[in-house]
Amino acid sequence: MRKIVTLTLVAAALAVSACNTISGVGRDVSAAGQAVTSGAEQAKN
């Protein structure tokens, strides 16, 4: 029983950290897209 509880806690911790990682990647991609858009707008003008 103790082993199951430990494995469940480890799995939950990994799931939470994965969500934070994916969220961070999303923000990075969004920032890169905004930079490209800004550069294209400046080149157009």
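I began at V25, which counts as partly exposed because its relative accessibility is 47%, where partly exposed lies between buried, under 20% relative accessible area, and exposed, over 50% (1.4 Å probe, protein chains only). The model I was reading is a predicted one, in which local features need pLDDT of at least 70 and side-chain atom pairs count only at pLDDT 80 or more, while totals for chains, interfaces and linings use all residues. Residues are numbered from 1 along each chain as its sequence is written, and side-chain values use heavy atoms, with hydrogens and water left out.

Next I looked up the overall form. The C-alpha trace spans about 65 × 5 × 5 Å along its principal axes. Of the 45 residues in the chain, 2% count as buried. I wrote down an accessible surface of about 4000 Å² for the chain, with 68% of it belonging to carbon and sulfur atoms; such areas come from the Shrake-Rupley method with a 1.4 Å probe, and for residues only the protein chains shown count as cover.

I then followed the valines along the helix. From V16 to V5 I noted 17 Å, C-alpha to C-alpha, for two residues that are 11 apart in sequence.

V5 sits in helix α1, which covers residues 2-44, and V5 counts as partly exposed because its relative accessibility is 43%. Together with M1 and L9, V5 forms a nonpolar patch on the surface, with about 370 Å² of accessible area. A patch takes residues with over 30% relative accessible area and no salt bridge, joining like charges within 9 Å and nonpolar side chains (Val, Leu, Ile, Met, Phe, Trp, Tyr) within 5 Å.

Which side chains meet in a salt bridge? I found K44 and E41, at 3.8 Å from N to O, and the structure holds one such bridge, defined as a side-chain nitrogen of Lys or Arg within 4 Å of a carboxyl oxygen of Asp or Glu. Because K44 and E41 are three residues apart in helix α1, about one helical turn separates them. K44 counts as exposed at 61% relative accessibility, whereas E41 counts as partly exposed at 40%.

Notes: Helix = DSSP H or I, 4+ residues; strand = E, 2+ residues; numbered from the N terminus.
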